[in-house]
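Hi,

Here is the structure I promised to pass on.

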Amino acid sequence: MDSNNNESNDSRRDFLRKGFVATAAVATGLGLVETACKETKPKTGDKVKLLSPDGKIVEVDSSMINPAIPDSLLSKHNVREGVPGKKFVMVIDLSRCRNAGKCKSACSKMHYLPDNRSYIKINKMQDSDKAAPYWMPTPCFHCDNPPCVKVCPVGATFKLTDGIVGIDNERCIGCRFCMVACPYSARVFNWDTEYQLNITQMNEIKPHAACSTHVSGTVEKCDFCPTNTAKDELPDCVQACPNGVFYFGDEVEDVVSNGDETVRLSQLLKDKSGYRYLEDLGTKPRVYYLPPVNRQFPFKDAEVPTEAEGQTTHESGH
Amino acid sequence: MEPVKIKLDKSNQLLTDLMPKKFNASGKLWVGVLLVIVVIGFYAYIRQLQKGLVVTDMRDFTSWGIYISNFVFFVAISLVGSLVSAILKLANVRWRTPLVRISEIIAVAAIFFAAIIIIVDMGRPERFWHLFAFGRLQSPILWDVIVITTYLVVSSLLLYIPLLPDIAICRDLTPASLKFKKWFYTFLALNWRGTSQQYALIHKCINVLAVLVVPLALGIHTVTSWLFATTYRAGWDSSNFGPYFVAGAFQAGCGGVIAVTYVLRNHYNLKKYITTKHFDNMAKLLVLLSLVYLYFNINEYLVPGYKMKTVDGEHLKSLFTGHYAPLFWSVQIFGMVVPIVVMLFKKGRAPLPVFIVSLLVVVGAWFKRFLIVVPTLLHPFIPIQNVPASWHTYMPTWEEWAITSASLAGALLVITFFVRLFPIISIWEMTEEQQSPQIDEQTNLYEAQA
């Protein structure tokens with residue numbers, strides 16, 4: 001129960017969790033603590049750390065805290081509205097991808113995905129027999145003419161003002177028509193009822209209601225990390241990629257960044273002949289690709305995109 | 001119009017032959033077997049509700065499996081109702097009379113279980129009401145919900161309204177001592193008295209419904225085909241899909257009604273009413289419908305097969321020479337070519353061969369729906385990779401087979417209990433037929449048989 005918890009190797013998440021508790025405390029807690037102190041509740045003996053308004057960590061008995069965290073305060077985010085004034089866009093530079101798999105693992109970590117599920121797929125592509133193979137990571141393309149949104153019978157998947165295709169897992173009936181309609185196989189399904197998030201995980205995901213909480217029998221997919229974009233941060237896949245494959249940004253501002261460099265979107269697409277996958281389907285994806293020319297890495301086939309290879313990349317530096 | 005006079009005594013041979021009869025030993029065995037299948041299916045469904053759709057072999061790529069193909073099959077079979085009771089009626093085909101009720105109960109049972117199986121396929125069946133609360137008219141699923149519900153209602157009316165005079169016969173022949181049975185028939189007969197006014201009304205109703213049901217029937221098959229054709233998938237992205245599905249449905253439905261008719265004819269000894277001429281005629285009809293379906297199949301496979309566009313080509317290769325080739329060619333040959341060839345010959349149109357061929361057509365139709373739904377999903381634009389090996393194929397689990405079999409058994413049970421409770425050949429319409437002076441020689445099958 002002490003603060004030296006070595007098991008948590010994710011400081012960012014830990015930080016978020018503390019921030020979460022702190023926010024809760026500031027918003028509602030202290031008033032409650034005061035009122036709770038006046039009431040005579042039996043002490044439990046369990047101490048809980050809270051952040052006071054003047055920045056001090058205080059320890060109070062758990063009986064003094066009203067355990068009900070008002071969800072309404074935390075999830076003000078309307079699942080059907082986007083970030084105002086933004087048009088999110090992604091550019092994926094295929095010349096830099098070596099199938100390190102970091103985007104995938106970071107994504108799965110951020111979204112608490114079970115082992116057999118992934119929002120990003122890293123596909124081995126070969127356009128023709130003579131053409132060289134290359135790796136192509138595919139998140140959801142957040143199309144501007146989304147076939148999945150068109151076919152949904154209950155409006156459980158929809159287009160947000162910021163360009164993101166969102167899913168309401170409390171609305172979804174699990175007919176899987178959207179999965180069949182998506183030409184890019186971007187959508188995944190919660191096939192089993194067993195995989196469920198624990199309370200901590202739920203509380204971390206809940207403030208950002210656009211992130212799926214893995215409701216069984218419903219569809220989910222890449223959401224461009226609304227948790228991050230709301231804070232003007234890059235999605236986790238973009239941050240995690242060791243090779244700067246992913247650029248993410250705002251079409252309105254005409255700016256994208258891969259974390260290392262920030263460039264003009266229009267200039268990048270112009271200079272490197274950006275294109276969209278299967279343009280002739282008319283789905284108007286919001287994800288652009290830069291062709292795999294002047295490769296940074298030779299193509300190395302991997303039977304299994306292993307963790308080991310990902311680690312080699314990491315150790316050899318970049 | 002003069003009302004039909006039906007004698008309610010033992011001298012009326014029609015009553016002795018056509019009134020519903022108690023199950024004999026084989027009937028009881030049949031019901032018992034079907035009930036066991038339904039119970040196993042229920043158990044499998046409870047497991048699916050508890051564990052989720054993970055008990056099926058459907059995964060992110062094959063996200064639709066035999067539930068959906070079974071749904072398409074049920075929708076297809078249900079077309080037979082409108083074929084016999086509407087299209088043949090509007091074409092003034094008189095020999096259809098003893099087949100009308102059989103085909104209409106098949107239609108109602110099939111479309112009812114189509115609706116049930118679609119709920120079975122849902123990840124969140126308890127949210128079914130979302131379709132009504134949040135329904136979006138832009139989605140082909142909603143079109144399907146609307147048109148299937150309407151078809152279910154109209155088909156039920158087409159079954160029920162012509163049944164009224166016969167329910168009244170059952171009511172009048174049931175002794176007052178059997179209280180529940182008497183009440184049941186009295187309730188359902190809606191105070192039918194057999195006046196000329198009532199008969200005029202019933203004829204008018206049937207005519208209106210027969211006209212109404214034709215566009216509806218074409219509608220449900222076309223809309224069901226659009227569930228597939230409105231996507232970009234190889235093998236589904238086809239403007240040919242509507243008529244292709246309608247043609248397939250006519251063929252499957254015709255096979256279905258022949259098979260059921262044959263069983264009922266033998267079991268209840270209805271040879272006097274359902275004659276060899278009926279089988280001959282239905283066989284000719286089935287040949288015609290199979291030829292039309294063959295035509296659409298050639299369209300559907302030859303044209304993309306000629307071009308062999310990348311993903312289309314992979315999909316077609318898996319059907320023509322690949323993993324699904326044995327099933328594909330069996331279905332095309334035994335479900336379509338063999339029936340055409342066999343029934344071109346007069347001997348092939350005798351009741352038994354027609355029955356066997358019809359079974360081939362129906363079984364072929366079921367697997368054909370599987371071949372329409374599943375192989376396409378295994379050939380997405382971005383090839384399936386980096387997933388467990390089992391995700392590259394689809395082989396239904398026992399739960400899926402059990403639930404699917406239960407739905408088929410359920411439909412057969414509905415038909416069986418219907419036959420137990422009501423005359424499966426319309427007594428009043430047969431009487432009308434016999435009393436009618438204007439039976440021309442060509443259609444007077446009953447005399448020919450005698």
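Below is what I found, starting with how to read the model.

This is a predicted model, in which local features need pLDDT of at least 70 and side-chain atom pairs count only at pLDDT 80 or more, while totals for chains, interfaces and linings use all residues. Residues are numbered from 1 along each chain as its sequence is written, and chains are lettered from A and ligands numbered from 1 in the order in which they are written.

Over residues 1–37 of chain A, pLDDT stays under 50.

Leu268(A) sits in helix H9 (residues 265–271) of chain A; helices are DSSP runs of H or I, at least four residues, numbered from the N terminus. With 21 other C-beta atoms within 10 Å, Leu268(A) is buried (20 or more such atoms, placed from the backbone). Beyond four places in sequence, its contacts (C-beta atoms, placed from the backbone, within 7 Å) are Val91(A), Tyr247(A), Val256(A), Val263(A) and Gly274(A).

In chain B, helix H17 (residues 427–435) has Ile427(B), Trp428(B), Met430(B) and Glu432(B) as its buried residues. Their cover includes helices H1 (13–18), H5 (97–121) and H8 (164–173) of chain B.

Best wishes

Terms used. Helix = DSSP H or I, 4+ residues; strand = E, 2+ residues; numbered from the N terminus. Buried ≥ 20, exposed ≤ 12 C-beta atoms within 10 Å, placed from the backbone. Contact = placed C-beta atoms within 7 Å. pLDDT = per-residue confidence, 0-100.
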